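Here are my notes on this one, as numbered points.

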Amino acid sequence: CEHPTGTLVIFTRVEGLLRRCDTARCEVTREALEALVSGRVPLVLVSDSSASEVKQLQSELGLVQPFVCDRGAALYIPAEYFSDFGESASESWEVFSFAQADPATAIRLLGALFVARGHDKILSVGLGSECGDGAMLAAVDVPIVVRDHRLDQRPLLQYVAGAYLTNSTGAAGWMEAVIGRALR
């Protein structure tokens with residue numbers, strides 16, 4: 001999706017945002033996913049989980065996109081992803097491993113790969129909700145904190161100055177961030 005300021009890429013935390021710690025079910029709405037898919041907007045999952053768990057979640061969501069896993073220690077990109085920019089039917093992946101688990105490094109690398117593969121510039125949007133999401137949110141152009149009344153989000157909002165705080169919580173907050181902020 002070409003945005004006035006570049007190719008839009010959305011990075012979203014899985015734990016605590018797409019999946020609650022107390023439930024295995026995915027909280028994202030089909031409407032928001034369909035808007036991203038129809039707009040050819042990459043949705044990059046950022047997770048503490050292993051690659052196989054993130055691949056399983058992508059399968060549940062009907063996605064084959066780059067993702068960050070193992071607390072930021074690895075970036076997986078579907079083979080041939082940049083050749084046609086979009087979903088890849090291939091089962092093979094390019095894997096980048098990092099010495100330290102840091103999702104910000106993976107986000108910057110993926111952004112550089114988009115530019116190296118012919119995109120003038122990317123506009124990166126990050127969605128998080130917990131203090132542990134600070135590094136990821138600080139690494140994107142548009143940081144969005146999805147409101148969660150169970151958490152004290154003030155430290156996160158102080159760490160990521162200028163972050164947008166959604167009005168809604170949970171899946172509705174995620175949809176507000178994607179539909180109401182990122183895609184407009």
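Predicted model: local features only at pLDDT ≥ 70, side-chain atom pairs only at ≥ 80, totals over all residues.

1. Start with Arg13 and Asp48. Their side chains form a salt bridge, with N to O at 3.2 Å. What does the pair tie together? Arg13 sits in strand E2 (residues 6–13) and Asp48 in the loop between strand E3 (43–46) and helix H2 (51–61), so the bridge links parts that are 35 residues apart in sequence. As for cover, Asp48 is partly exposed at 30% relative accessibility, whereas Arg13 is buried at 8%.

2. Arg13 has another partner. Its side chain also meets that of Asp133 in a salt bridge, at 2.7 Å from N to O. Asp133 belongs to the loop between strand E7 (122–128) and helix H5 (134–138), and Arg13 to strand E2, so this pair ties together parts that are 120 residues apart in sequence. Is Asp133 buried or exposed? Because its relative accessibility is 1%, and buried means under 20%, Asp133 counts as buried.

3. Now for Asp148 and Arg150, whose side chains make a salt bridge at 3.0 Å, N to O.

4. On to the nonpolar side. The largest nonpolar core has 29 residues, and the ones with the most contacts inside it are Ile10, Leu43, Leu45, Phe67, Leu127 and Trp174. Which helix gives the most to this core? It is H2, with four residues. Another core lies apart from it, with 23 residues, including Ala106, Leu113, Leu137 and Val145.

5. Pro103 is worth a click. Pro103 is found in helix H4 (residues 103–116) and counts as buried at 16% relative accessibility. Which residues does Pro103 touch, once its neighbours within four places in sequence are left aside? The contacts are Val46, Val68, Arg71, Gly72 and Met136. If you want a distance to check, the C-alpha atoms of Pro103 and Gly134 are separated by 9.9 Å, with the two residues 31 apart along the chain.

6. Last, the chain as a whole. It has seven helices and nine strands. Of its 184 residues, 50% count as buried. Among contacts between residues at least 6 apart in sequence, 53% join residues at least 24 apart. The accessible surface of the chain comes to about 8,500 Å², and carbon and sulfur atoms account for 50% of that surface.

Key:
Residues numbered from 1 in each chain as written. Heavy atoms only, no water. Salt bridge = Lys/Arg side-chain N within 4 Å of Asp/Glu carboxyl O. Helix = DSSP H or I, 4+ residues; strand = E, 2+ residues; numbered from the N terminus. Buried < 20%, exposed > 50% of the residue type's maximum accessible area, 1.4 Å probe, protein only. Core = buried A, V, L, I, M, F, W, Y, C linked by side-chain atoms within 4.5 Å. Contact = heavy atoms within 4.5 Å. Areas by Shrake-Rupley, 256 points an atom, 1.4 Å probe, with all protein chains shown as cover.
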